[in-house]
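Here is a short report on parts of one protein structure. Keep the model open as you read.

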Amino acid sequence: MARLYNFSAGPATLPEEVLNQVRDELLDYDGTGMSIMESSHRGKPYAAVHAEAVANYSKLLGLGDDYAVLFLAGGATGQFAMLPMNFLGAGQTADYVNSGAWAGKAIKEAKTVGQVNVAADTSTDSPTRMPAHDELKLTDDAAYLHICSNETISGAQLKTFPQSTAPLIVDMSSDILSRPVDYSQFSMIYAGAQKNLGPAGVALVVIRKELAETGNQKIPSIFRYSNQIANDSLVNTPPTFSIYIMSLVSRWLLKEGPENVYARNVEKAGWLYESIDADDFYTGAAQLDCRSDMNVTFTTPSAELDAMMIAEAGEAGFSGLKGHRSVGGLRASIYNAMPAEGVKALADFMVDFRQRKG
């Protein structure tokens, strides 16, 4: 069976060589006589997988021993709640930037815990965009500043990060390790795995150890970052199979080279935006200086043509192009593992569709 080109926002495309290795090791991992998903999370085979994943992501992010790497269940949405539970105390205010749907969900969760200041709100702007740094109205002595680096639904990406005296915490679910970033500027980052890192079911959390130690000690132990660090993400049985695949993806990223992955991402996005900008048939959803390299969002001249294009694209072997139900249109998610040839084929399809329907 031929594989489709999967442009879904997540769960998303995984490197084919990773999937092949998973297939080959599914019944017998490393000569153990069992699948890694059957292995004890306390046993030596899984312990080696876990340790490699921690080491590889630390290396890829360029971080030292002052940061902890955690693998936590619940995805990024779980972090929307866990973060304020740890760091938003009574009498404190946390600054949040509302740049779209996912930042908005994080704000909603934080408000169930404590006081939130919305430092800027571009969530309803059209074209979609990220706020400029000078738009931020920050709180003196804020508990932390939270931003989303890339809004998967709207296709808007923050190109540079603001300065903050408060701990800077970033949801990087849809663009982590896709471009050069100085990750040491952040006190904490988190990312649901199902876009650039692996399958659904786990979030990568990278946090300064000194920040984790300041967390609320009166919340349940499983939700304390300090306790997760002390137990190497093994407070309970972690999503071991998802972490195993994340480990394989980290090997793939190191082999490919982050600089090569970034160059390929820029080229892939460029092909699609070139098709969008060729004339007025397609309209890009995001402001030019905020266009995402990961989620390319656009419309045709009508909702009817949008639907027709999605249907014809599906017949041509392109899956997952329907825009999010809240905004409509089309969205091509072109994460690290999306093959360049798939994106080039989609760009050519877009040209053909415009010529036939424009």
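The text below covers a sheet, a helix and a single serine.

This is a predicted model: local features need pLDDT of at least 70, side-chain atom pairs count only at pLDDT 80 or more, and totals for chains, interfaces and linings use all residues. Residues are numbered from 1 along each chain as its sequence is written, and side-chain values use heavy atoms, leaving out hydrogens and water.

Helices (H or I, at least four residues) and strands (E, at least two) are DSSP runs, numbered from the N terminus. Strands pair if DSSP finds at least two bridges between them.

Three strands form an open sheet in the order 11-12-14, with antiparallel pairing. Strands 11 and 14 stand at the edges with a single partner strand each, so one side of each has no neighbour in the sheet. Strand 11 pairs with strand 12 over 2 bridges. There, Thr-283 stands opposite Thr-299.

| Strand | Residues |
|---|---|
| Strand 11 | 283–284 |
| Strand 12 | 295–299 |
| Strand 14 | 330–333 |

**Helix 7.** This helix covers residues 240–256. Buried means under 20% relative accessible area, exposed over 50%, and partly exposed in between (1.4 Å probe, protein chains only). Just after helix 7, Gly-257 has a positive phi of about 90 degrees.

**Ser-226.** This residue lies in helix 6. Ser-226 counts as buried because its relative accessibility is 12%. Not counting residues up to four places away in sequence, Ser-226 touches Ala-212, Glu-213 and Gln-217 (contact means heavy atoms within 4.5 Å).

Methods
The expected span of a helix is 1.5 Å times one less than its number of residues.
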